[in-house]
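Good morning, and thank you for making time for this presentation. I would like to walk you through one structure, beginning with a single chain and ending with the contacts between chains.

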Amino acid sequence: MNGSTLDFAHGGDRFAVQDLHEQLTHRAQAEGVLDVAYRTVDSPLGSLLLAATEVGVVRIAFERQDHDAALEELARRVSPRVLRAPARLDAVSRELDEYFAGRRRRFDVPVDLRLASGFRSRVLDVLQHIEFGTTRSYAGVAEQAGSPRAVRAVGTACARNPVPLVVPCHRVVRSDGGSGQYAGGAEAKGRLLDLERGVKVGS
Amino acid sequence: MSARVEPFERVVEEHGTVVLRVCRALVGPDAAHDAWSETFLAALVAYPRLRPGSDVRAWLVTIAHRKSVDVLRVRARQAVPVGDPPEPVSTGEHPGDGRSELWAAVAALPPKQRQCVAYHHVAGLPYDEVAALVGGTAAAARRAAADGMSTLRRTLREDQ
């Protein structure tokens, strides 16, 4: 450090900062300046990034979508006041556990759909009403969203769904019976559809 | 070209430890945690208004500079006799590793030397930025830091 002969560094400081970080998230929450809280959780589909505003769950990202990139997008599009603060994600993380364990068929946590606008948010509204264990075609969703010819746009809206799993875009499949693309990967989509058909996931 | 907006979490990750050491040099080990908390809460509040491309560490040190004065003022006001002495705040120091002597020696420096040592030798700010914080010229800041460092070296050598 600038050629100083005095060593100001200390290994224990990293732990002290962890404690201080936790206090900071509590104070930020209490003062209403924790705009985006996030944590990561393990799931049968790999590590998931969960993020919530004060309104609700705003982002769920699969590992292959790059968690760092997802956090940067939140900083840019929602607020740079982003902190790792697990408490706000406790409910959704519990519900996801229950869902993957086959003990939950729908999510009750509030969602914040501010990352989707216009037609894409209309598509997400439709998706929220597709029941566990059932599927719709892209064309069917386009029709329900009020634009029967916007089949490709439905595909885009599903691919860019900011809150997959909780808003079940995996329940939209191709008319020819193929499961189609998925932000978490085609394999993950197949496993979710299996789970909802009562086939055990987890291999 | 607009700079990327870093999530605040990264600011804490990258600068949290250095700011803690700066606070310790400025207000001593007991009050350092208060100063750190006040600094980062204020930084979080102001963060969306920070111009992209700014020197984040220098910005945090500026806030720490201000908050340290506040924390010392509050501590001075609270220094009234009490029945039971409060539990000392853990500072992550290991007894006998020589660091409590280091921080005690830093605390014994005159305020300006202590600040210049903290901002230059702990935070790594160049002397013109140190001078902007403590007032005076860069040369004066360099002299104060050098005086502070030689006092520290002398004190710590005598201790051994």
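Read along its sequence, chain A follows the pattern α-β-β-β-α-β-α-α-β-α-α-β-α. That comes to seven helices and six strands for chain A. Please keep in mind throughout that this is a predicted model. Along its principal axes, the C-alpha trace of chain A spans about 70 × 40 × 35 Å.

Let me turn to the domains. The domain assignment divides chain A into domain 1, residues 27–101, and domain 2, residues 118–197. Between these two domains, 14 residues of domain 1 of chain A and 18 residues of domain 2 of chain A take part in the contact. Taken over C-alpha atoms, the centres of the two domains are separated by 22 Å.

How much area is buried between domain 1 and domain 2 of chain A? The value is about 1,300 Å², and carbon and sulfur atoms give 68% of it. On the side of domain 1 of chain A, the residues that lose the most area to domain 2 are A:Leu45, A:Phe62 and A:Tyr99, which together make up 45% of what that side buries.

On the domain 1 side, strand E3, residues 57–62, and helix H3, residues 90–100, each supply at least two of the residues of chain A that touch domain 2. The largest share of that side, five residues, comes from strand E3 of chain A. By class, the side of domain 1 of chain A that touches domain 2 consists of eleven nonpolar, one polar and two charged residues.

One of the residues already named, A:Tyr99, pairs with A:Phe132: the ring centres are 6.2 Å apart and the planes stand at 90°, so the pair is edge-to-face. A:Tyr99 lies in helix H3 of chain A, while A:Phe132 lies in the loop between helix H4 (119–127) and strand E5 (136–137), so the pair ties together parts of chain A that are 33 residues apart in sequence.

We come next to the interface between the chains. Here, 40 residues of chain B are in contact with 31 residues of chain A. The area buried between chain B and chain A is about 3,300 Å², with carbon and sulfur atoms giving 63%. Which three residues supply more than any others of the area that chain B buries against chain A? They are B:Glu9, B:Leu41 and B:Leu44, and they supply 18% of that area.

This interface also has charged partners. Across it, the rule finds five salt bridges. In one salt bridge, the side chain of A:Asp13 meets that of B:Arg24 at 3.0 Å, N to O. Between chain B and chain A there are also eleven residue pairs in polar contact.

Which elements of chain B give two or more residues to the side that touches chain A? They are helix H1 (8–27), helix H2 (29–46), helix H4 (99–107), helix H5 (111–122) and helix H7 (138–159) of chain B. Helix H1 of chain B gives the most, with nine residues. By class, this side of chain B has 20 nonpolar, nine polar and eleven charged residues.

Finally, a word on salt bridges in the structure as a whole. Over all chains, the structure holds 20 of them. In one, B:Arg10 is joined to A:Glu72, with the closest N and O atoms 2.9 Å apart. This pair crosses between chains, running from B:Arg10 in helix H1 of chain B to A:Glu72 in helix H2, residues 67–77, of chain A.

Thank you for your attention.

Technical notes: Residues numbered from 1 in each chain as written. Chains lettered and ligands numbered in written order. Predicted model: local features only at pLDDT ≥ 70, side-chain atom pairs only at ≥ 80, totals over all residues. Heavy atoms only, no water. Domains from an automatic or database assignment. Contact = heavy atoms within 4.5 Å. Buried area = accessible area lost by both parts, 1.4 Å probe. Helix = DSSP H or I, 4+ residues; strand = E, 2+ residues; numbered from the N terminus. Nonpolar A, V, L, I, M, F, W, Y, C, P; charged D, E, K, R; others polar. Salt bridge = Lys/Arg side-chain N within 4 Å of Asp/Glu carboxyl O. Polar contact = N/O pair within 3.5 Å; in protein donor to acceptor, adjacent residues only side chain to side chain. Phe/Tyr/Trp six-rings, centres within 6.5 Å; stacked < 30°, edge-to-face > 60°.
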